[in-house]
Amino acid sequence: TAEQRGEVSVAIATAKIAATNTSLYITQNIFQVMGARATTAKLNLDRFWRNVRTQTLHDPVDYKYQEVGEWVLTGKVPDPSFYS
């Protein structure tokens, strides 16, 4: 049903928000923890940050915040969209 699809959409949006925030936090803090040596080509740690940024930008988390927020405030499940 449309209601079930909407509930699944909200659950997925919540997971997307958590995964985006966690992955960005971890990858950006790798450089703080490891210092300048983290940028050496030998370690290639910057690839993790680049991969996370690429994946998070393909499906912007701002739309997920909006969908979850509307559901929390009004109980309305998200309508199918390009980012659903």
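In the predicted model, helix α1, spanning residues 2-34, packs against helix α3, spanning residues 61-74, at an angle of about 135 degrees, and the axes of the two helices lie 9 Å apart. On the side of α1, the contact is made by Ser-9, Val-10, Ala-13, Thr-14, Lys-16, Ile-17, Thr-20 and Asn-21, whereas α3 contributes Val-61, Lys-64, Tyr-65, Glu-67, Val-68 and Trp-71.

The largest nonpolar core consists of five residues, namely Val-10, Ala-13, Ile-17, Val-61 and Val-68. Two or more residues of this core are given by each of α1 and α3, with the largest share, three residues, coming from α1. In soluble globular proteins, nonpolar side chains tend to be buried together. When neighbours within four places in sequence are left aside, Val-68 is in contact with Val-10, Ala-13 and Ile-17, and also with Thr-14.

Thr-14, which is found in helix α1, is partly exposed, because its relative accessible area of 42% lies between the limits of 20% for buried and 50% for exposed residues. The C-alpha atom of Thr-14 is separated by 16 Å from that of His-58, a residue 44 positions away along the chain.

Technical notes:
Residues numbered from 1 in each chain as written. Predicted model: local features only at pLDDT ≥ 70, side-chain atom pairs only at ≥ 80, totals over all residues. Heavy atoms only, no water. Axes fitted to C-alpha atoms, helices over the stretch in contact; angles between N-to-C directions. Helix = DSSP H or I, 4+ residues; strand = E, 2+ residues; numbered from the N terminus. Contact = heavy atoms within 4.5 Å. Buried < 20%, exposed > 50% of the residue type's maximum accessible area, 1.4 Å probe, protein only. Core = buried A, V, L, I, M, F, W, Y, C linked by side-chain atoms within 4.5 Å.
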